[in-house]
Amino acid sequence: MQQQEDYYWGRIPSAFQEIQQHRRHMWAPEAAHTKQGWLGMGKNIAGLGSDKNGDPPAIVHTSFPDLKLLSQGKVRDVYATSSPDALLFVVTDRISAYDVILKNGIPGKGKVLTALSLFWFDKLSDLVPNHFITADVDQMPEEVKKYKDVLQGRSMLVRKAQVIPIEAIVRGYLAEGLKESDKLPQPLFTPSTKAEQGAHDENIHPDRAVEIIGPELVGQITSVALELYTRAAAFAATRGVILADTKFEFGLTKLILIDEVLTPDSSRYWPAASYEPGRSQPSYDKQYLRDWMVSEGFNSGLEDGKDGQGWIISDEVVQGTADRYTEALHRLTS
Ligand SMILES: Nc1ncnc2c1ncn2[C@@H]1O[C@H](COP(=O)(O)OP(=O)(O)OP(=O)(O)O)[C@@H](O)[C@H]1O
Ligand SMILES: [Mg+2]
């Protein structure tokens, strides 16, 4: 066991190196040759966007015969590994909106989410420990390595945690109402339940969160989540991006930050330059996809699509979504 601990915690290259590896992997060969680094790459990201131009198609389903699938979330497939303490977290290109998983994915999105989570885990690790072990497949358990082709860039080995069944949502801006998008005087912690698969998460009063997980844990995750948000929002501001709100998940036994962190799936990101309270904001996140679904007639009861075949995102909206996610990555990390 000690050996495993050393393997996972002692010999890990820093998360920063991991990100560099991701960059090389994601953007190569262009990345190596452009002076502007990530910024210059624009839409030429290998694997992100429409598959019309020969990029790899979206990975919406994974299957690794020698690995045991433990759970399939809306976006992530989680596999067991030979280490009882570690999970293989695979970020697919699936996308969900209004709790509906769209039939087609956004090619490369899993890599963008992985790179952003790595970036933020590294940046915020002094505030709270997190579940990240490694994103380098060569350092993962033996049985995982053979799937490197699919896994590199879109997977992480993570420390298995007991998931705290509360989503720690922090909002810095009003979502709707009379003063839509107005900045709040201070960020608000607004927990929601983590619903069972298939059910909707539900906003709850903090008192209800106390009933579910106890006052001590609520106190801890409230203050940690607010600190994480404040730090991240301040950083994003230096990149011309408003972090309007985000959702964190925490695990135990010792409190750690788990899941994904500050991605466009779990956060709302707005360009600061065009921010204007009193209206909805252009954004680098899923709002664009949600708006499209609504314009296509989405309503509750229509989760299976108008023809019962599910929702298929148009090519244009696939590309538009890819562009927004890429923009968030570039702005925040370049
Ligand atoms: N370190 C960890 N240990 C155990 N489970 C984790 C860890 N980090 C994240 N998870 C869980 O793994 C799942 C990730 O999958 P994904 O985000 O796709 O699911 P989801 O559809 O958002 O959520 P859920 O399946 O919980 O409704 C989530 O249920 C998350 O709570
Ligand atoms: Mg999730």
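Residues are numbered from 1 along each chain as the sequence is written, and chains are lettered from A and ligands numbered from 1 in the order of writing. In this predicted model, local features need pLDDT of at least 70 and side-chain atom pairs count only at pLDDT 80 or more, while totals for chains, interfaces and linings use all residues.

The mean pLDDT of the protein chain (pLDDT being the predictor's confidence in each residue, from 0 to 100) is 84, and 82% of its residues reach 70 or more. Over residues 1–47 the pLDDT is below 50, yet this stretch has 63 contacts in the model beyond near neighbours in sequence. Here, two residues are in contact if their C-beta atoms, placed from the backbone, lie within 7 Å.

The protein chain holds ten helices and 14 strands, taken as DSSP runs numbered from the N terminus (helices: H or I, at least four residues; strands: E, at least two). Of its 334 residues, 40% are buried. A residue is buried if 20 or more other C-beta atoms, placed from the backbone, lie within 10 Å of its own, exposed if 12 or fewer, and partly exposed in between. Among contacts between residues at least 6 apart in sequence, 64% join residues at least 24 apart.

In soluble globular proteins, nonpolar side chains tend to be buried together. In this model, the largest nonpolar core has 75 residues, and Leu88, Leu116, Trp120, Val158, Ala168, Ala232 and Leu243 have the most contacts inside it. Helix H4 (residues 109–124) gives the largest share of this core, nine residues, and at least three residues come from each of domain 1 (2–161) and domain 2 (163–287). The domain bounds come from an automatic or database domain assignment. A nonpolar core is a set of buried Ala, Val, Leu, Ile, Met, Phe, Trp, Tyr and Cys residues joined through C-beta atoms within 7 Å.

Leu116 touches Leu262, Thr263, Leu329 and Leu332, leaving aside residues up to four places away in sequence. Its partner Leu262 sits in the loop between strand E13 (256–258) and strand E14 (267–271). Leu262 is buried, because 27 other C-beta atoms lie within 10 Å, and has a positive phi of about 55 degrees although it is not a glycine.

Asp99 lies in the loop between strand E4 (96–97) and strand E5 (100–101) and counts as partly exposed, with 13 C-beta neighbours inside 10 Å. Lys146, in the loop between helix H5 (142–145) and helix H6 (148–151), is 80 residues from Asp66 in sequence and 9.5 Å from it in space, C-alpha to C-alpha.
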